[in-house]
Structures are given as structure tokens and as C-alpha cells.
Number of protein chains: 2
Amino acid sequence: MDYPKGIKRSTNGNYIRFDNRGMGLESDINITNQYYIDNNIAFIYKKPTPIQVTKVDYKNNSMIIKEGFFKEPSTTDYNGLYDGLYIDFEAKETTSKTSFPLSNIHKHQINHIRNVINHGGIGFLIVRFTHLNKNYILMGKDFIDYIDNNDRKSIPLEFFNSNGYLIEISYMPRLNYLKIIDNIIGGKNG
Amino acid sequence: MDYPKGIKRSTNGNYIRFDNRGMGLESDINITNQYYIDNNIAFIYKKPTPIQVTKVDYKNNSMIIKEGFFKEPSTTDYNGLYDGLYIDFEAKETTSKTSFPLSNIHKHQINHIRNVINHGGIGFLIVRFTHLNKNYILMGKDFIDYIDNNDRKSIPLEFFNSNGYLIEISYMPRLNYLKIIDNIIGGKNG
């Protein structure tokens, strides 16, 4: 089970507290997506983490969740609209310096990416090799080709170098992945 | 604040329990979307309700949410991919027999629908008048036109009759809204 990022052990007691100050790939993508929204470029959002709520209580007419559980998402984390195109991707970090472990992507997420590319959407992965300080786009077609033709439990870095596309970190937008997508599909800015 | 549907007061104590047995419009749409997925027609999902998790605990290596709050969604509830098209809609029920109260749709959701139609997506509302047993599609353009040209706090039923499209309830799929969308945009089945 993947839990959301940004969890911090509290100093007083057994509880764990969630820290909203973002870091890492997810935060970079969220900032980038907000830039796209603010500049009327694209409308791509992270889907909320699905939660099974089992108990709630009321306080001052507000509902407070008293018990709940994280559920596995049935799709990728990000989707939205860019210039008439349906955009859909999953973003993952790995600390490995040599390969991307496929255990990072659930079976139903792979299936979802397959459906997206079969039905005319733009599906891809954004993979960050944190220790190499490199961010790649791997298009859904190349990802599925790899899965279908390899028994390995990870995708080697060389596959990203040969088939993926590097995204440079910049000031604004932080991680301009749509520029890469434009180049790949020959879009208006490509 | 809108809270998710399907909440039931528990018999033992102050807690409220969530009941997963769906009813109403949301359930009909979810069943319909599952039919579309199972038949390889479209990949449209309800976004999970966003929740701010503030406390968690561990039990047998699983994370349990001990405190959390429902947040306002920043977009519409449903989006996805159909035949290369970006599909995006909000679904609402009203018990009124004469009009649809605009308080049902948040300002940022209206703004989102505006963005969707301005950027080449297919944005709309599905509105159920429960006491009339009628389900309408109101296309984003007509909805926004109404908002921009009226000071009323609700959309009268006549506006739906003149500008909306009735969706018939059927056995499978339950609420075949994509058939209507096909007719409207002149798609492959239109």
C-alpha cells in the first residue's frame, strides 16, 4: 500500500501528523500544474487520495472524520485537459541509480495507461531518479511495450535514456513537462 | 460544505457510519461508468472526495486515519476519456420541481467548466429532478450562457426543457449519457 507523502511523526504521542509543506516530485508537479492553470495553459489536477471513511462525528455543524483508511487508486494520479487533448499520467520517484522498480506501478494503473493510449489520450509516466537528479517522461506506448516484452521487475535506466525524454528543472514553470509532450506529439509549441 | 452521500446514523453512540450501498444519481452514474469501462467504451471516473488528513495512527503496519476533514473540491466530480475526447461533468440532484438552485454548484466548479469548454473539452452538467423523475444533460456552454446572462439564483425547469437533453433510464447502461453527448457533438454514434 502506498501512503501519501509528507507524513511526520509528532513529538507528543503516538500520532503521526501530516505536513503539507510539499517536497519532491509531487510538489514540483503540483506547482507546475498551478502555473499552467494560472496562465490558462492547461487544466491538469492531481486526483485526491481515495479514502474509505468508516466513522465521522459532528462538531459545530462540521463533519469530522474519526476513522478512515487509505485505498488503492484505480487510475493514475494526474489527469486533465490541454489544448483539446486528454492528458493522463503517473508520477513516481525512485532512489535507485540504475533502474525503476515496476512494483511502483500497480496493475490497474498499467491497465489504465493501456486504455488511455488505446482510446486517443496522451498517457505517460514522469519518473524521477532522485539520486541522479534526473526527471524523465516515458510515453505510455514505450512503457507498455517494455512491460509486454520483458520479464524484468524493473526498467533499466538505459531504457529511459534511449526511449524517454529528459525534463529540465526551471524556475517557472518548475517542471515544464507539457513542453516535452508538445515536442513528442508535434503540438502547437513543438 | 457538501458532504458525501450515503451517511447513516449508527445505533450505538454518537458516530455516524458511512453506508456504501449507493443510491440515487451518483450510484447510477458510477454503474454506468463501470459499464463503459467493462465494455471498453470510455474511461470516466468519479474523483475521490478530497480529505485533509490531520492525524493518523498505525495498526499492524497499516495506517489508520484518526482525524480528517472534508475539503471543497476544486473541480467537477467526474472526468475522463471517450473516443479521444476529454469529458468533464458535475452531477447534481434537486428535490425542487420547478428549478435547479445554483447554490448546488460552487464558484470554482463553474470556473472549471468555463476552462474546460474554452480549451476544447466536453463539459456539462447532469441534473436530476428527483420528484419529477427526470435527468437532464445541460451542456457547459448553455450553463455558462445562463450564468452570465441571469441574476437568478436558480435555473428554471423550462430552461432545461428548452436547452437541455433528457437522458432515459435504461437497464444497461443505466444512464447512457454518452449516447446523448454523441448526438449533440455529432460523434461516431450520433
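The model described here is predicted. This briefing covers its nonpolar cores and some features of its backbone.

**Nonpolar cores**

- The largest nonpolar core contains 72 residues, and those touching the most other members are Ile137(A), Leu138(A), Ile137(B) and Leu138(B).
- Leaving aside residues up to four places away in sequence, Ile137(B) touches Phe124(B), Ile126(B), Gly164(B), Tyr165(B), Ile167(B), Tyr177(B) and Ile180(B).
- Another core, of 10 residues, lies apart from the largest one; its members include Val56(A), Ile51(B), Val56(B) and Ile65(B).

**Cis peptide bonds**

- Most peptide bonds are trans.
- In chain A, Met172(A) and Pro173(A) are joined by a cis peptide bond with omega of about -10°. Pro173(A) belongs to the loop between β12 (165-166) and α5 (177-185) of chain A.
- In chain B, a cis peptide bond with omega near -10° runs from Met172(B) to Pro173(B). The loop between β12 (165-166) and α5 (177-185) of chain B holds Pro173(B).

**Positive phi angles**

- Most residues other than glycine have a negative phi.
- Asn60(A), although not a glycine, has a positive phi of about 50°. Asn60(A) is located in the loop between β4 (51-59) and β5 (62-70) of chain A.
- Asp83(A), also not a glycine, has a positive phi of about 55°. Asp83(A) sits in the loop between β6 (78-82) and β7 (85-94) of chain A, and is partly exposed because 16 other C-beta atoms lie within 10 Å.

Terms used
Residues are numbered from 1 along each chain as its sequence is written. Chains are lettered from A and ligands numbered from 1 in the order in which they are written. This is a predicted model: local features need pLDDT of at least 70, side-chain atom pairs count only at pLDDT 80 or more; totals for chains, interfaces and linings use all residues. A nonpolar core is a set of buried Ala, Val, Leu, Ile, Met, Phe, Trp, Tyr and Cys residues joined through C-beta atoms within 7 Å. A residue is buried if 20 or more other C-beta atoms lie within 10 Å of its own, exposed if 12 or fewer, and partly exposed in between; C-beta atoms are placed from the backbone. Two residues are in contact if their C-beta atoms, placed from the backbone, lie within 7 Å. Helices (H or I, at least four residues) and strands (E, at least two) are DSSP runs, numbered from the N terminus.
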